[in-house]
Amino acid sequence: MVEHPLSKGDMAVITHEALQSLIDALVARRYQVMGPTVRDGAIVYDRIASVPDLPAGWTDRQEAGHYRLERRNDAALFGFAVGPHSWKHFLHPPVQKLWQAQIGEEGFAITVADDPPPRFAFIGVRACEIHAIAIQDRVFCDGPYPDSAYGTRRQDVFIVAVNCAQAGGTCFCVSMQTGPKAESGFDLALTELLDGNVHEFLVEVGTANGAEVLAQIPHRQASDAHRAAGDGVVAQTATQMGRTLETDGIKPLLQGNPNHPRWDEVADRCLSCGNCTMVCPTCFCTTVEDHSDLAGQSAERVRKWDSCFTLDFSYIHGSSVRETTRSRYRQWMTHKLASWIDQFGTSGCVGCGRCITWCPVGIDLTEEAAAIRATRSAAKESEHGGA
């Protein structure tokens with residue numbers, strides 16, 4: 001154990017065994033600890049109680065429309081990229097009851113139906129996902145109409161980030177400048193170090209709250225060798241990106257080509273299923289449904305995730321604004337990579353690659369953007385040559 005007080009930016013080392021002490025310390029502080037675990041053939045985020053709940057020795061093989069778990073040749077706990085779940089599953093739930101009304105002796109009584117949310121501690125948050133949470137913070141907390149339900153869930157979250165040691169086949173966080181190293185937005189950040197039989201974690205303190213938790217678990221001061229090893233892990237991961245996206249000028253590129261023939265080509269493949277929006281860590285579209293019982297004695301209002309790929313999403317009296325798959329895919333991709341910047345000051349994409357992996361027909365937005373850019377560049381060269 002080190003004895004000097006910890007502060008933001010300090011680096012320490014903990015053993016594989018001490019990771020359980022970290023989980024126990026968070027539970028003792030009345031956090032509900034959520035982390036990656038293997039279920040139904042995928043690595044998902046769920047409640048965890050111990051280190052054996054983590055996906056030790058598992059990795060994922062991802063390509064467009066393809067996801068498979070495979071065994072690693074080591075016991076890495078975080079040796080995978082990202083799965084179908086994102087942390088918005090807990091901060092912005094897929095289904096949320098807004099209120100419930102019941103007829104009583106004195107008339108209607110309206111109550112907020114949901115119980116107070118737990119205090120979450122997230123373990124294994126990747127750099128791209130921290131950026132995604134920050135984007136949803138801007139949407140739900142920083143705008144003129146904050147979402148109180150999101151704010152309540154978000155305010156006490158303890159984030160244990162993990163710097164990526166394994167990039168997926170559809171990752172492109174380097175292109176989006178969102179990873180693979182977590183630079184901010186965390187309480188503690190781990191880098192998994194595996195060297196023969198030595199299995200340790202380099203820990204960076206991100207907040208005073210993180211320093212207090214780390215002080216409660218066995219650790220020692222990080223050496224220069226540990227820091228160099230951590231930097232090496234991140235540098236190696238940065239070279240493993242399965243995809244790239246050229247972002248220079250992408251906003252005018254997409255907004256200036258609403259009638260590009262590529263939109264028709266992708267529409268011929270797109271199923272309008274909405275999978276890309278369901279797995280995306282930043283999409284936030286919802287719809288509201290009102291339900292009542294057959295006796296007319298009770299009613300409730302429920303908010304559910306929705307998608308701009310559904311025909312009803314843009315329905316206005318008489319018809320839908322976006323009746324074709326072409327218009328809906330164009331809306332999603334142009335909003336995500338271009339008009340999102342007008343609204344919130346950043347791109348709506350963090351390069352996690354989920355939309356590519358979990359598209360049933362393997363549509364790749366990096367490929368679509370590159371195709372539009374290529375034809376525009378070719379047209380400009382032709383014009384220049386003709387001049």
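Trainee: Is Phe-309 buried or exposed?

Mentor: Bear in mind that this is a predicted model, so local features need pLDDT of at least 70 and side-chain atom pairs count only at pLDDT 80 or more, while totals for chains, interfaces and linings use all residues. Residues are numbered from 1 along each chain as its sequence is written, and side-chain values use heavy atoms, leaving out hydrogens and water. Buried means under 20% relative accessible area, exposed over 50%, and partly exposed in between, with a 1.4 Å probe and protein chains only. Phe-309 has 2% relative accessibility, so it counts as buried.

Trainee: How many residues apart are Phe-78 and Phe-201?

Mentor: There are 18 aromatic pairs here (Phe, Tyr or six-membered Trp rings with centres within 6.5 Å; planes under 30 degrees apart are stacked, over 60 edge-to-face, the rest tilted). Phe-78 and Phe-201 make an edge-to-face one, with 6.3 Å between centres and 80° between planes. Phe-78 is in the loop between strand 5 and helix 2, and Phe-201 is in strand 11 (DSSP runs numbered from the N terminus: helices H or I, at least four residues; strands E, at least two). That puts them apart by 123 residues.

Trainee: Which ring does the charged end of Arg-126 sit over?

Mentor: The test is NZ of Lys or CZ of Arg within 6 Å of the ring centre and within 35 degrees of the ring normal. Lys-88 lies over the face of Trp-305, 4.5 Å from the ring centre. For Arg-126 the distance to the centre is 4.7 Å, and the ring belongs to Phe-80.
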